[in-house]
Each structure stands twice: as C-alpha cells, then as structure tokens.
Amino acid sequence: MSRSPSLPDRPRLDLDPEMSPEERLDALREHFIELEQVNDELSSQLDSAQERRDNLSGEVDRLERENETLKTSSLYIATAEEVTDEGVIVKQHGNNQEVLTEVSPNLKEDLEAGDRVAINDSFSVQTLLDAETDARAQAMQVDHSPNVVYEDIGGLDEQIREVREAVEEPLINAEQFREVGIDPPSGVLLHGPPGTGKTMLAKAVANETDATFIKMAGSELVRKFIGEGARLVRDLFELASEREPAIIFIDEIDAIAAKRTESKTSGDAEVQRTMMQLLSEMDGFEDRGEIRIIAATNRFDMLDRAILRPGRFDRLIEVAKPDAEGRERILEIHTKDLNLAEELDLAAIAAETEDFSGAELASLTTEAGMFAIRDGRTEVRMADFEDAREKVTEEEGSETGPIAFY
Ligand SMILES: Nc1ncnc2c1ncn2[C@@H]1O[C@H](COP(=O)(O)OP(=O)(O)OP(=O)(O)O)[C@@H](O)[C@H]1O
C-alpha cells in the first residue's frame, strides 16, 4: 500500500515592529499567497486520500463478496499428504484421489503433512481445518461429565460389579495394579440386545471415575465417514490421550469388527483397515496411561475373533434383557418422578412386560404419563400403563396383544 504524502510545512509570518506599513502589507500578501499554496496542496492531498479510500472500499466489497462465495460454496475435505516446494500433495477423502495443488503462502506456513484441509473444485487449498471442528468432532461425541450414576441402572448389579472391577478399579487404583504387577484388561466388551443399558453402564463408569466419555459409533464410521475410518480410530485414541483419564466407548463395534467375508469389495477392505487400526491402537495401549475402552455390540455372533484375543477385548460382559425383578427395579427408577396412583403395582407391570428391554420400559413409562395427560389427569393409573403397553408393543411390532396387569 502507498504511504500517505507528508503534510506541507506551515508558512510562518514574521512581522517586525520596525517595519513600515507598506512593508507589513507586502509581508502579509506574501503570507497570504503561501497560505493559498498550502491550502491547494492540502486539498489535492485530500482528493487523492478520498480516491484511495474509494478504491479501498471497492476492494473491501470485492473481498467480502469473494469471502461470501467461499463460505457458501461447497468445499471438499482432503488430507495434506506432503508439503513440498512445488505445492502440497493432497488426498481427497472418499475417492482417495491424490493431487499436487497450490496453497497460499500464509496458509502454507501453518500446514503440515497429515493436516486436514478444505479444497475447492480446482483442488486448491482454501482452509486448514482445525482438529476439533473437522470430522473428528462429528464422529465422536465427547462428554466431560456424563450424568448417569450406577443407581440409575436397574437389574444389572452383577454387570455393574464386573465393569467396576475391570474398568473403574484400574483407573482409580492404577498404582496398586502396577505394584501387584498385573495388567488390567485393556478392553471390556458389553454384549446383549438393544436398549439394555450398555451405554448407560459405560457412562456411569466415566462419571464415577471423573473420566471424559468419548463415544464413537461403529456403524457411523462405516456409513458416514467412508474412507476415513482408520484415521478416525487413530484420532479417537489421540483425543483420549489428550483428555485422560478417558473412557472410549465404541458402540456397535460389530460394524467395524465383523468376521471377514469372502467378498473382496472395496468397502470390505476399508472396514478391514479400520479394524486393523483399532487392533493396533489396542495393542500399543499399555503405555497410553489412563484410558480404558468399552465396546458394545448387539451382534456378538458376528464378531471377528481377532478382537477377542488376550490384551484386546478380553473381558466379556453379557447385558441381557432384564428379568421380572430387574424390570421392576427399572420401572421404579423411571417412575421416580411420576405422580403414581395409590393402586399402582409396579411388580404386576413388571410381571406382564416380559421381553421388554430397559429402553422399552422407559418409553412405557413416558407413554403411560402421556395417556394420563390426554385424559386430563395428573395422576398415572394402572390403566394408563395398559394402554401404554399396547402402544409400545405395537410400535415394536410385537405379536403380544394387550393384557390386563391385574
Ligand atoms: N438397565 C436399565 N436401567 C434403567 N434404564 C435403562 C436400562 N436399560 C436401558 N434403559 C433406558 O433405555 C435408554 C437406552 O439405554 P442404553 O442406550 O444404555 O442402551 P444400549 O444397551 O446402549 O442400547 P443400544 O445397543 O441400542 O445402543 C436409557 O437411556 C434408559 O432410559
């Protein structure tokens, strides 16, 4: 940008008291002429400053428009593979296409191999994505203090005991484990039907140990983040070590750790790479400090046995659907804040809700409350639970018809 011109010197008027009136008049005329010259010079400087200002605001308008276009047009996500003198080699996610592309000098300064970037249609790097705002943040749900406590979980006393022993103890008493010389299990696998409290268990341990809870869904890795699975698994462990103590919870692990199939489609190869990354992260796990992994699956039969080898998910905990006693306990938990009628018999409801999961019992309770509201009551009665049961079983596509609780 050009520098502003310097201001002209201010003309001086020296009037000597000895001067004759004519001499004074001449001096004043001369001074007047000098002042006019300065005035002209200043107005021309003002004109050119105004012109410069107009040019600059035109430039600002243009940049704003450009910025707006950049913000609104879609950009592709890629990883910088190599930063060279000629440019940057980026690999586009999804199709793995590698290109040598340009990058503006000020972006290049901050760019390192492995960084994730946004590229436009002509592959030029537009922005450097910050680790927290990229896919890592979308694929992982981070909860610094999940609010589930063991008392919120019904009918899983034995499973709670096992999880505490395998996950909580080693986190709380790491020193004791080291002194005794035993390695705590690296990973715990919770298996059982949907909605039985597996996620709750993992959250409760994180809460109890003041650990960060980091959840990643296996199915999303495969469906939404095609081509990125292995990298996201690496990021997951990296994030956990930044936030330790941490509990990594991998839900639906069967999506990335299913038995190998015969077909050799690229999708399978990709899932395989993601699983290999997970195994290698777990194998190199001992030096990682206060991080524990809990995985969950509804499809235990589908799992590749490689993930169940010692040092990996070697502690298996079954989380089955609750029995009548468990169902009663779960109903107690979920009706805690409900205004229940005197007649209400939770044991009777538990007896008649065989095959209900914890999640179904939770929605049964909410539905019962809704029936009371629809009926203009503030008190929930046995009949509301019957109606709710009918509704929930219908929604679940169950064959079981309505049954009276008493
Ligand atoms: N044992 C339980 N005690 C109390 N509530 C439960 C229990 N199991 C499930 N629930 C209720 O169901 C909801 C879903 O449970 P959760 O997400 O823990 O199930 P999950 O086993 O992880 O299911 P999925 O396999 O589908 O992920 C919970 O938020 C809670 O309201």
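Here is a chat about a predicted model and the surroundings of its ligand.

Trainee: What helices and strands does the chain have?
Mentor: You'll find 13 helices and eleven strands in the chain.

Trainee: And how many of the residues are buried?
Mentor: Out of 406 residues in the chain, 32% are buried.

Trainee: OK, on to the ligand. Which residues come nearest?
Mentor: There are 19 residues around the ligand, and Pro194, Gly197, Thr199, Gly358 and Ala359 come nearest.

Trainee: Which helices supply at least two residues of that shell?
Mentor: Those are α6 (198-208), α10 (324-334) and α12 (358-374).

Trainee: Where does the ligand lie relative to the domains?
Mentor: Between domain 3 (137-318) and domain 4 (324-395), because both of them give residues to the shell.

Trainee: Switching to Ser357: where is that one?
Mentor: Ser357 sits in the loop between α11 (346-351) and α12.

Trainee: Is Ser357 buried or exposed, and why?
Mentor: Ser357 counts as buried because 22 other C-beta atoms lie within 10 Å, and the cut-off for buried is 20 or more.

Trainee: Which residues does Ser357 touch, leaving out those up to four places away in sequence?
Mentor: Ser357 touches Pro193, Pro194, Gly195, Thr196 and Lys321.

Conventions
Residues are numbered from 1 along each chain as its sequence is written. This is a predicted model: local features need pLDDT of at least 70, side-chain atom pairs count only at pLDDT 80 or more; totals for chains, interfaces and linings use all residues. A residue is near a molecule or strand if its C-beta atom, placed from the backbone, lies within 6 Å of it. Helices (H or I, at least four residues) and strands (E, at least two) are DSSP runs, numbered from the N terminus. Domain bounds come from an automatic or database domain assignment. A residue is buried if 20 or more other C-beta atoms lie within 10 Å of its own, exposed if 12 or fewer, and partly exposed in between; C-beta atoms are placed from the backbone. Two residues are in contact if their C-beta atoms, placed from the backbone, lie within 7 Å.
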